[in-house]
Amino acid sequence: MSERATREENVDVVWSGDWVAERLGVALEGDGDLRELLGLALRRNPKRAHLLVSNVLGKHVPQRPSVVYGAGYGLGERVRALLGEEEARRAVVLGYAETATGLGHAVADGLRDAPYLHSTRRPVAGVAQAGGFEEAHSHATSHLLLPEDPGLLAGGAEASTLVLVDDEFSTGNTVLNTIRALHELHPRGRYVIVALVDMRSPADRDRLTAFAAEIGARVDLVTRSTGTVTLPDGVLERGQALVAAQEAEAAREAEAAGTAREAGEASASAPSAAPAPAPVTRVDVAWPAGVPDGGRHGFTPAHRAALEAALPGMAERIADALGAGARQGRVLVLGFEELMYAPLRLGTALEETLGADAEVRYSTTTRSPVLAVDDPGYAIRTRLVFPAHDTPADGPGDRYAYNVAGAGFDAVVAVVDSTADTPELHAPEGLLAHLAAHTGQVLLAVVPSYTPTPVPHSQESAVLPEPLRGPDFSSYAPEDVGWLLQDLSDTELEAPTEEREEAIQSGGAHYAESLPVEYQPSAEYQALFSAALETSAARIARAVGTVTETVLAERGPRPVLVSLARAGTPVGVLMRRWAQHRHGLDLPHYAISIVRGRGIDATALRWLAAHHDPADVVFVDGWTGKGAITRELAAAIEGFEASGGPAGFDPEIAVLADPGGCVRTYGTREDFLIPSACLNSTVSGLISRTVLRADLVGPNDFHGGKFYRELAGADVSARFLDTIAARFDEVAGQVEDEAKELLAADRAPTWEGWAAVERISEEYGIHDVNLVKPGVGETTRVLLRRVPWKILAKRGAGADLTHIRLLAEQRGVPVEEVDDLPYSCVGLIHPRYTRGATGADGKAVKGA
């Protein structure tokens, strides 16, 4: 290491937590090197105001790769000493996305022979899910476990020790949620929790002890440092206010700077040109074939040996691509979100290759929004903001690189996986352009995204189940729809709405792992449904006809309709009936499960490919809200094909109504009342929403669903279909004209709805787009299935919102009239729900 770097790291003038500590009264106390390990920053997160910023994790603060890797490796050596050589060889290491993926991998290296797996927020079609859990305080909470080897996490009497690695152990909730979920599926006798710092309160420590006794297992803890964070009363609200004030001041300064620049340019006779951005050059690092890019699907000792052998040569390729100045200057190796280990090891190898003349640093981009303050007493001095570039399953959004701008790097080596090497990465506002403005040279190293080897489809075809049909499953006629689901009618899956909401938001469960108790409407509400059906039947028939004619014109002559269960299924049945009534076509129609954050049912896709041409499949849904399912489906189809699944599925969705401007194929873009949104199973063939739980759904199973036979007396599914189909002839002329207009029009998605949702999320202090449900249909779902906080109604909206107002009144939820809303209404789920929270009384809907 250079003399300059040595001096820089030995000087500790100001603690990088002073700024937050002085303004919010946050106190950090602990053993000797705690303040050297951690600084403080403020995050834009409704669940936690402060952020502990690690100086050795390599996420937010650029650090020498050898220091980052050594921190994890050293913890792994301590675990190896704790377990003993034989048990360490049998252990399995599990790291947490996104911040601890590299740390966990380094811990596994320290154990020497242990296989490694990390959780992921990137669903991969065709890979069976071995588990999942929620992280309550995180900006993006859903974690998936997707090992290529389904036996990696297996338990039993002789099960190996499971080593769980996170960057910090603050309350213990995330780790306990994981152990509880995995222990129920695969019990074992011992767990070891590893973290850089243990910041738990005494109560949290007691809770871990009690938890270990409860499950009858030994739970050990290995950390580098121990301390506590003292948070004064009201720190969350004060922190949010401070973030808002700082961001407002930054906006004013940026506006003033822009105005001054414009004035200067106007008065200058020959304004000087802006400095040219740094060149961006691809470097082929020759990543070894067969070695995964990380632990998303597992990383074995054999993979580790192959990587170690290849690292020196890869580092030489990077060194050769660097200019002479960079080889003796400051070089940053910048990883990408969950992709932490590959760039870290490239960084350690480059550090050795360049030697003492160069100063190599390592950090990664992140999803987490953190306030930047250019003050020596604050841990996040600068930030770069750029669009996501890996088509994330939860939709587009900003991503961040901290402490890179203004850090004086002579070169930046950006390392991404091939999934993230997209046009967004190279766009004028993308990550590479931002980096080029702050360094002299940008190298792009693309590591191939590892694709697990799929089970040969010839083997799968023999075990794929057949679709379920009425009357044995659903009240629909057997020709109306084939359900690509497994029947879980005899499984107890329902939980009260308030318990589900608390579990989902606290990190105890994913929403698809249980079912809400089926709401049974009051007589007043049923009368409202009947009136709404009669009033809107012609308008719905028109939209059904328009979207069906569009599909037949563009995807005909015999498309295979595949509705997204369950909101899309009544629409799919109606589209099938229109095609039959107007054209004499008998179109196949199936219903398939897709789960936000978990992807589409890959087994169902394989069944479809075995029985139909994937190019003929048209996915159907009821309506769009903010477009999350639209993006989920596109990502799922891409991942399914990348994992070896049959190609040719078109991810475009055809919907009845597209108020969010998210699709090309729609019947209308008006946000109006679709009566099928007013009810649950009783207007959807008596079928529940779909269920995806690891202990119920195996790798060759369809996702699950329930048939509520006991609700037959309240079933209006057939009435809904018949009432609308009776209007087909009446609207046929209008449909013909509207379909012609649409086919000739520019129907490109505008994503107006997504932009509105992001704005509402910030304006109302929610900071989580998943808790903002736009449109009449989604708002109805919030009132029926979730714990609503408040309803935003477009000023002047009329009869389309009558049932919304009735449900809101019955649940004691305020309705706020607003202007400038692209939807008729928006439902806000309570952002910090517990059963004692204000804003929702937790009482059941009247008549339930």
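1. Leaving aside neighbours within four places in sequence, the residues in contact with Thr548 are Met575, Trp578 and Ala579. Thr548 itself lies in helix 17. Its relative accessible area is 2%, and because the cut-off for buried is under 20%, Thr548 counts as buried. Note that the model is predicted, and that everything below is read from that model.

2. The chain has 25 helices and 33 strands. It has 848 residues, and 60% of them count as buried. Contacts between residues at least 6 apart in sequence were also sorted by separation: 77% of them join residues at least 24 apart.

3. Which residues of helix 21 are buried? In helix 21, residues 717-725, they are Ser717, Phe720, Leu721, Thr723 and Ile724. Around the axis these residues cover an arc of only 165 degrees, which means that they sit on the same side of helix 21.

4. The next point concerns a pair of helices. In general, two packed helices are described by the angle between their axes and the distance between the axes. For helix 10 (residues 301-321) and helix 12 (residues 341-354), the axes come within 8 Å and cross at roughly 65 degrees. Helix 10 is therefore roughly perpendicular to helix 12. The crossing of helix 10 past helix 12 is right-handed.

5. What do the two helices bring to this contact? From helix 10 come Leu307, Glu308, Leu311, Met314, Ala315, Glu316, Ile318 and Ala319, and they meet Tyr341, Arg345, Leu346, Ala349, Leu350, Thr353 and Leu354 of helix 12. Sorted by class, the contact of helix 10 with helix 12 has 11 nonpolar, one polar and three charged residues.

6. The last point is a charged residue in a loop: Asp390 is found between strand 14 (383-387) and strand 15 (398-402). Is Asp390 buried or exposed? Asp390 is buried, because its relative accessible area is 10% and the cut-off is under 20%. Not counting residues up to four places away in sequence, Asp390 touches Arg122, Phe336, Thr419 and Ala420.

Technical notes. Residues numbered from 1 in each chain as written. Predicted model: local features only at pLDDT ≥ 70, side-chain atom pairs only at ≥ 80, totals over all residues. Heavy atoms only, no water. Axes fitted to C-alpha atoms, helices over the stretch in contact; angles between N-to-C directions. Helix = DSSP H or I, 4+ residues; strand = E, 2+ residues; numbered from the N terminus. Parallel < 35°, antiparallel > 145°, perpendicular 65-115°, else oblique. Left-handed = near helix turned anticlockwise from the far one by under 90°. Contact = heavy atoms within 4.5 Å. Buried < 20%, exposed > 50% of the residue type's maximum accessible area, 1.4 Å probe, protein only. Arc of directions from axis to C-beta.
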